[in-house]
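Visitor: Can you walk me through this one? Keep it quick, please.

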Amino acid sequence: MRVGLVLGAGGVVGAAWLIGALEALAAETGWDPTSAEQIVGTSAGSVVGALVAGGIAPEYLAAYSSGRTLDEVEDVDGRVAAMAARMGGREKLDEVAERLSGDQLKLKLALPPIGPGSWRMALSTLRHPRSHPASAMLAGWLPRGFVSTQPISDLVTTFVDGDWPDHPGFWAVSADYRDGSRTVFGREDAPARATVGEAVAASCAIPGFYHPVCIGGRRYVDGGVCSLSNLDLLAGRGLDLVICLNPTSSLAEAMGGTPAERVGGVMRAMSGRRLGHEARRLRAEGTELLLLQPTREDVAGMGLNLMARGRRVEVMERARRTTALALRDLRGGDQLMPARNRKRRRRAAAATAARAAAAKRSLQAA
């Protein structure tokens with residue numbers, strides 16, 4: 001089975017949801033996300049996607065995100081040992097992981113952000129409004145961000161060996177800051193060659209918050225400006241199944257609540273409509289889709305501030321539970337699931353046992 005994996009945008013909170021949902025997907029189906037033929041990541045999804053493309057399994061990502069060391073994760077297939085050897089031992093690996101979280105905020109040394117961040121993008125989208133989503137039209141008018149993307153780049157380059165993951169099908173999506181056009185780094189038609197750190201940083205550069213990333217003489221910003229999912233990039237690839245995890249949309253009812261919650265509901269509805277449009281394009285060519293989105297419970301816990309670092313562990317744990325339940329509901333129907341993998345099943349079982357042992361030790365200590 002030829003499987004594609006699409007990881008959508010969503011900030012720090014969205015990344016936590018992606019990690020929890022990916023771990024549940026792997027545990028419930030026995031499928032190894034690192035084996036996907038094509039991996040497409042946008043913004044937060046590009047960070048998680050780069051690490052997965054680099055061979056880091058979801059339970060290892062979850063261990064770091066929840067503050068555990070890799071000694072608490074069973075190394076069934078030797079991936080942890082390989083990473084540790086490359087970095088100088090397990091203690092060094094844990095030390096690096098603790099220091100680099102990817103969500104640290106560091107000011108960018110640049111001129112003060114005054115006026116529109118990109119006059120060219122603002123005017124280009126204004127001249128051709130039907131060719132660009134509303135987010136792209138807004139992005140050019142926002143001032144340039146003042147936060148550096150260097151911590152994001154450092155995180156990825158620390159855990160990915162080489163200039164690009166040893167995976168021929170990893171793509172990181174960003175937007176050209178001149179005209180708002182979608183740019184896919186890792187694809188043959190990319191306008192410039194980028195390292196994985198540069199490409200992921202560009203994909204995460206939220207306009208008005210992060211400073212744009214310069215690659216090959218051009219500036220790039222968050223790929224979510226073009227689409228929060230970019231699922232349609234896998235149209236025409238001849239895949240049997242595409243799995244899409246999209247943190248910014250939900251099938252839960254979006255009405256009601258406070259004014260802020262209603263605004264959040266409208267934004268999720270917009271993301272969902274774009275996702276539905278892209279999904280119809282793939283289904284029209286016969287590609288099976290597995291779409292995983294936050295539930296009502298997830299949405300309530302994620303909140304409106306997708307850069308809220310304090311919610312990461314809670315969001316990840318909840319996503320693991322709600323996604324597992326959703327997959328069990330789908331299992332008895334017509335939904336096509338990815339093929340099982342024996343090593344993947346053993347690793348997932350070992351990770352579950354490790355979490356149970358850690359919980360037991362915490363109770364005993366209390």
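Visitor: How do the axes of helix H2 and helix H9 cross?
Guide: This is a predicted model, where local features need pLDDT of at least 70, side-chain atom pairs count only at pLDDT 80 or more, and totals for chains, interfaces and linings use all residues. Numbering starts from 1 along each chain as its sequence is written, and side-chain values use heavy atoms, with hydrogens and water left out. The axes of H2 (residues 44-53) and H9 (residues 196-204) cross at roughly 155° and come within 7 Å. Axes here are lines fitted to C-alpha atoms over the stretch in contact, with angles from 0 to 180 degrees between N-to-C directions.

Visitor: Roughly parallel or antiparallel, then?
Guide: H2 and H9 are roughly antiparallel, a label for angles over 145 degrees.

Visitor: Which residues make the contact?
Guide: H2 supplies Ala-44, Ser-46, Val-47 and Ala-50. H9 supplies Val-196, Val-200, Ser-203 and Cys-204. Contact means heavy atoms within 4.5 Å.

Visitor: How many of H2's residues are buried?
Guide: 10 of its 10 residues are buried, meaning under 20% relative accessible area with a 1.4 Å probe, protein chains only. Gly-49 and Leu-51 are among them.

Visitor: What follows H2?
Guide: Gly-55 does, with a positive phi near 95°.

Visitor: New topic. Where is Asn-246 found?
Guide: Asn-246 is in the loop between strand S7 (241-245) and helix H10 (259-284).

Visitor: Why does Asn-246 count as buried?
Guide: Because its relative accessibility is 0%.

Visitor: What is Asn-246 in contact with?
Guide: Leaving aside neighbours within four places in sequence, its contacts include Gly-8, Trp-17, Ser-271 and Gln-293.

Definitions and conventions: Helix = DSSP H or I, 4+ residues; strand = E, 2+ residues; numbered from the N terminus. Buried < 20%, exposed > 50% of the residue type's maximum accessible area, 1.4 Å probe, protein only. Parallel < 35°, antiparallel > 145°, perpendicular 65-115°, else oblique.
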